[in-house]
Amino acid sequence: MILRLLLALNFFPSIQVTENKILVKQSPMLVVYNNAVNLSCKYTYNLFSKELRASLYKGADSAVEVCVVSGNYSHQLQFHSKTGFDCDGKLDNETVTFYLWNLSVNQTDIYFCKIEVMYPPPYIDNEKSNGTIIHVKENQICQIQGIPTSCNMFWTLVVVGGVLALYSLLVTVALCNHWMNGKKNKILQSDYSNMTPRRLGPTRKHYHPYAPARDFAAYRS
C-alpha cells in the first residue's frame, strides 16, 4: 500500500506559485507509532485579515474531509471533523497544524492540506500539493489474563518479578546454609563431650587382705 502511495505522488505536479494561488508545503511522509500525529502545512500567504478555510483531506482523490477550520483571526478558530476523525489544530500566519489521534492501521493513506481565502474576493486557494503519507503502525499489545496492556510494561513486570524471585532464592539459600552450619557445630560439640572420661558408679573401699583384724571386744572390757 505504501508503495502504491509513493507511486501516486509522481502523478501530482509540483506546486506552481501563481498570482491567485497559495503555495503549500507538506512533509512527504510521517510514521505513526502511538496512534497520534501532528501534520503541519506551511503556506506563503498573508491570511491575517482574511476570512479563510483550512482543511485536511484523505486519499489520492481527496474524497474524505478529515478535519476543517474556518473563520478569521478576530475569533477563536475551532477545528472539527464531520467524518469521525478525532482532530484539533492550530493556525498561525504561516502554518496550519492538524492534530489527529486514535488513528488505526487502515487509516494509512495520503493526506492533503487545502487553504482557501473565502473573503474578501477574489476567491483564492492552493494548488494540490504533493501530500503527506501517514503510515500508522500497529501497536504491540500483549494479553495478560484477558487484559490488554503494553508489551513494554509487561516485560518490565517480568524483569522486576525475576529480580525479586532471584533475591528470595539467595536469601533462602543463605538461611539454609547458616542453619546447616549451626547444626554441624552442635554435632561436633556433642561428639567432643562423649569422648571425655567419666567416673561411673560409687567407689568402694578395698582393705588390704593381710591387715590384722581389730579386736573390738578388747576395747569394751
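Tutor: The account below begins with the basis of the model and then turns to the sheet and its surroundings.

The model is predicted, so local features require pLDDT of at least 70 and side-chain atom pairs count only at pLDDT 80 or more, whereas totals for chains, interfaces and linings use all residues. Residues are numbered from 1 along each chain as its sequence is written, and side-chain values use heavy atoms, with hydrogens and water left out.

The chain contains three helices and 13 strands; helices (H or I, at least four residues) and strands (E, at least two) are DSSP runs, numbered from the N terminus. Four of these strands form an open sheet in the order E2-E4-E8-E7, with antiparallel pairing, where two strands pair if DSSP finds at least two bridges between them. Strand E2 (24-26) and strand E7 (86-91) stand at the edges with a single partner strand each, so one side of each has no neighbour in the sheet. From one strand to the next, the twist averages 20°; axes are lines fitted to C-alpha atoms, for helices over the stretch in contact, and angles run from 0 to 180 degrees between N-to-C directions.

Within the sheet, strand E4 (residues 37-43) and strand E8 (residues 95-101) run antiparallel and are joined by six bridges. One of the bridge partners is Thr95 in E8, which pairs with Lys42.

The structure holds one aromatic pair: Phe79 and Phe98 are edge-to-face, at 5.8 Å centre to centre and 85° between the planes. Rings of Phe, Tyr and Trp (its six-membered ring) pair if their centres lie within 6.5 Å, with planes under 30 degrees apart counted as stacked, over 60 as edge-to-face and the rest as tilted. Because Phe79 lies in the loop between strand E6 (64-71) and E7, and Phe98 in strand E8, the pair ties together parts 19 residues apart in sequence. Both Phe79 and Phe98 are buried, buried meaning under 20% relative accessible area, exposed over 50%, and partly exposed in between (1.4 Å probe, protein chains only).

Seven bridges join E6 to strand E5 (residues 51-58), and the two run antiparallel. In this pairing, Leu56 has Cys67 in E6 as its bridge partner. The hairpin of E5 and E6 has five residues between the strands, and Gly59 there takes a positive phi near 100°.
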